[in-house]
Amino acid sequence: MRESRDDDERWMREALRLAAKAFAGGEVPVGAIVVREGAALGRGHNRRESRRDPTHHAEIEALRKAARRAGGWRLDGATLYVTLEPCAMCAGACVNARVSRIVYGCPDPKAGYAGTLGNVATDSRLNHRCRVDGGIMEAESAEILRRFFRERRGK
């Protein structure tokens with residue numbers, strides 16, 4: 001099932017609200033939500049600092065919650081919406097969870113592995129591939145990150 005641009009923007013707005021929650025908690029503002037058949041299965045935002053855990057990326061949190069709610073690790077037919085292009089770990093987790101589609105806001109030139117530095121999500125050597133659509137609400141996704149790092153640097 002192909003989501004419409006309106007659906008993509010609706011869920012990306014929700015991911016941006018989660019990113020704002022991360023920002024308020026002093027975390028890099030990234031938010032993620034897993035959606036299947038029009039329903040949210042799992043939400044997450046970065047918590048690496050507060051949890052003192054390098055794996056507490058927004059995507060991993062959302063995938064863990066989605067798997068619990070779905071009653072299993074296979075998230076076939078699900079879409080992951082995330083404000084920043086997933087890193088290699090998160091793109092790999094999407095492949096392992098059998099996520100059908102990844103939709104992200106802005107590219108990550110330093111760690112993005114859903115098209116920028118590489119593309120784990122669509123690598124034909126793997127047993128599953130995710131469709132990737134980037135640039136949905138890109139300006140808003142990039143702006144919250146710029147604002148966060150500007151404030152961290154005291155500018």
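This is a predicted model: local features need pLDDT of at least 70, side-chain atom pairs count only at pLDDT 80 or more; totals for chains, interfaces and linings use all residues.
## A buried aspartate and the sheet beside it

Is Asp108 buried or exposed? Asp108 is buried, and yet it has no salt bridge. The nearest side chain of opposite charge belongs to Lys110, and that one is 7.5 Å away; a salt bridge would need the nitrogen within 4 Å of a carboxyl oxygen. Leaving aside residues up to four places away in sequence, Asp108 touches Leu84, Glu85 and Thr116.

Now zoom out to the sheet. Five strands make up an open sheet with mixed pairing, and their order is E2-E1-E3-E4-E5. Strands E2 (39–45) and E5 (131–134) are at the edges with a single partner strand each, so one side of each has no neighbour in the sheet. On average, neighbouring strands here are turned by 15 degrees against each other, ignoring direction.

| Helix | Strands touched | Angle between directions |
|---|---|---|
| H3 (residues 58–70) | E1 (31–36), E2 and E3 (79–84) | about 145 degrees with E2 |
| H5 (residues 138–152) | E3 and E4 | about 60 degrees with E4 |

Finally, take a look at how E4 meets E5. Strand E4 (residues 101–106) runs parallel to E5, and four bridges join the two. Across this pair, Val103 stands opposite Asp133 in E5.

Conventions:
Residues are numbered from 1 along each chain as its sequence is written. Side-chain values use heavy atoms; hydrogens and water are left out. Two strands pair if DSSP finds at least two bridges between them. Axes are lines fitted to C-alpha atoms, for helices over the stretch in contact, and angles run from 0 to 180 degrees between N-to-C directions. Contact means heavy atoms within 4.5 Å. Buried means under 20% relative accessible area, exposed over 50%, partly exposed in between (1.4 Å probe, protein chains only). Lys and Arg count as positive and Asp and Glu as negative; His and the chain ends are not counted.
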